[in-house]
Amino acid sequence: MYKIEQLSGSLTSSPFRAVGTGLVLALGVGASGTAWADEVSVTPWGQGWALGGHAGQAVHETVKSGEAFNPFVWDFRDYYIVSTGLQKELVDFWGYSKLYAEANVSYIFGDEHYFETFLTPSISWEPFPWDDVLDTTAYLGVGVSYTSETSRLDDSGENWMASMIFELEVQPDSWGPWSLYGRLHHRSTAYGTFGDDGGGSNIPSLGVRYHFGQ
């Protein structure tokens with residue numbers, strides 16, 4: 001009887017209890033796997049591609065103050081951008097949000113002339129009350145940016161900096177695969193992650209995007 005009780009006690013000791021817990025969790029995940037798959041889906045490689053192009057002009061106003069989002073107070077700088085970007089939808093979360101990745105190549109000109117490339121994953125918000133009339137999508141992206149030379153626009157002395165995208169896209173039914181988007185492209189040291197804390201730039205832009213396969 002002692003051996004049986006001893007064996008029973010050992011089965012409830014830490015290692016066996018951990019294994020048992022793992023089996024229970026695995027069974028739970030397996031049981032809900034089908035439901036999870038119905039809710040979250042990975043976009044096939046051949047789908048969800050889009051090519052966009054935008055142009056804009058830098059402003060003095062900052063994201064930190066919030067004024068960079070207010071076109072009525074913009075004080076423009078003599079820096080202009082033309083940019084093209086390839087976007088790929090990666091994951092669809094319950095139809096409410098999607099994960100994207102976007103790679104851009106830009107040319108900045110005006111007071112200075114240089115190139116910028118950036119890779120920015122972004123998350124979207126898909127449903128809006130007026131989508132039946134005008135399909136609308138909002139994006140927030142955070143990634144990395146590299147410029148071919150340091151610039152007075154960024155005032156950081158850094159080539160590598162953090163990249164952020166704030167974007168609103170609309171796609172009327174009559175436009176088919178075409179959409180229009182407004183974007184604020186923000187570049188900064190991300191509180192000292194890239195070089196000393198300080199410096200950055202904000203460039204509001206307007207562009208069009210073509211969604212392949214639509």
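What follows is a short exchange about a predicted model.

The model is predicted: local features need pLDDT of at least 70, side-chain atom pairs count only at pLDDT 80 or more, and totals for chains, interfaces and linings use all residues. Residues are numbered from 1 along each chain as its sequence is written, and side-chain values use heavy atoms, with hydrogens and water left out.

Colleague: What pattern does the protein chain follow along the sequence?

Modeller: Helices (H or I, at least four residues) and strands (E, at least two) are DSSP runs, numbered from the N terminus. The chain has two helices and nine strands. Read along the sequence, the pattern is α-α-β-β-β-β-β-β-β-β-β.

Colleague: Is Y191 buried or exposed?

Modeller: Y191 sits in the loop between β8 (178-188) and β9 (200-211). Its phi is positive, about 55°, although Y191 is not a glycine. Buried means under 20% relative accessible area, exposed over 50%, partly exposed in between (1.4 Å probe, protein chains only). Because its relative accessibility is 72%, Y191 counts as exposed.

Colleague: What is the relative accessible area of W94?

Modeller: W94 is in the loop between β3 (76-93) and β4 (97-110). W94 is not a glycine, yet has a positive phi of about 60°. W94 is partly exposed, and its relative accessible area is 44%.

Colleague: How far apart in space are P44 and L90, C-alpha to C-alpha?

Modeller: P44 belongs to the loop between β1 (40-42) and β2 (49-59). P44 is partly exposed, at 43% relative accessible area. P44 and L90 are 46 residues apart in sequence; in space, C-alpha to C-alpha, the distance is 7.9 Å.
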